[in-house]
Amino acid sequence: MKLSFPPLWPTLLAMGNFALVGAITPGPVNVLPMRHGSQRARQPALGYVLGASLRYGGVVACMGLASAPLLQQLPQWAQATQWLCAAYLLWLA
């Protein structure tokens, strides 16, 4: 039996993985509540982490869902954005 996924599934899966990795890597969004949670009550820190993670996922979803149709209509931009992102990552390294 072959599974068939709607065309949006690969995009949502990729965005979900990106949001998960971005949410669990150390950064200011995770370090700040860890500091507060270790010094004070954990409930406010948990709320902060949950809110920041949901908002981050929302931003990723909005950007992915908005850029996918645009890049499908303008395929030459897809190649340009790939090179631009690669150059940016090399600059960060």
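Mentor: Begin with a definition: a disulfide is a pair of cysteine sulfur atoms within 2.5 Å. Keep in mind that this is a predicted model.

Trainee: How many disulfides does the structure hold?

Mentor: The count is 0.

Trainee: Is C62 buried or exposed?

Mentor: C62 has a relative accessible area of 55%. Exposed means over 50%, so C62 is exposed. C85 has 47%, so it counts as partly exposed.

Trainee: Now pockets. How is empty space found?

Mentor: A probe the size of a water molecule is rolled over the atoms, and that shows where empty space is left. In this model, the largest pocket has a volume of about 330 Å³.

Trainee: Which residues line the largest pocket?

Mentor: The lining is made of T11, A14, M15, F18, V60, M63, G64 and S67. Look at the helices too. At least two lining residues come from α1 (9-24), and at least two from α3 (42-73).

Trainee: How many lining residues are nonpolar, polar or charged?

Mentor: Of the lining residues, 5 are nonpolar and 3 are polar, with no charged ones.

Trainee: Is T11 buried, partly exposed or exposed?

Mentor: T11 sits in helix α1. Its relative accessible area is 25%, and T11 is partly exposed.

Trainee: How do I read a pair of helices?

Mentor: Look at the axes, then at the residues that meet. The axes of α3 and helix α4 (residues 75-92) come within 5 Å and cross at roughly 115°. From α3, the residues L70, L71, Q72 and Q73 meet P75, W77 and A78 of α4. By class, this contact of α3 with α4 has 5 nonpolar residues, 2 polar and no charged.

Trainee: And separation in sequence and space? How many residues apart are T11 and V49 in sequence?

Mentor: Read both numbers. T11 and V49 are 38 residues apart in sequence, and their C-alpha atoms are 25 Å apart in space. M34 and A93 are 59 residues apart in sequence and 27 Å apart, C-alpha to C-alpha.

Trainee: Where is M34?

Mentor: M34 is in helix α2 (residues 28-39). M34 is exposed, at a relative accessible area of 57%.

Definitions and conventions:
Residues are numbered from 1 along each chain as its sequence is written. This is a predicted model: local features need pLDDT of at least 70, side-chain atom pairs count only at pLDDT 80 or more; totals for chains, interfaces and linings use all residues. Side-chain values use heavy atoms; hydrogens and water are left out. On a 1 Å grid over the protein atoms alone, a cavity is a set of points where a 1.4 Å probe fits but cannot get out, and a pocket is an open set with protein on both sides within 12 Å along at least five of seven lines; lining residues have an atom within 4 Å of a point. Grid points are joined across faces, edges and corners, and a volume is the space filled by probe spheres set on the points. Helices (H or I, at least four residues) and strands (E, at least two) are DSSP runs, numbered from the N terminus. Ala, Val, Leu, Ile, Met, Phe, Trp, Tyr, Cys and Pro count as nonpolar, Asp, Glu, Lys and Arg as charged, and the others, Gly among them, as polar. Axes are lines fitted to C-alpha atoms, for helices over the stretch in contact, and angles run from 0 to 180 degrees between N-to-C directions. Contact means heavy atoms within 4.5 Å. Buried means under 20% relative accessible area, exposed over 50%, partly exposed in between (1.4 Å probe, protein chains only).
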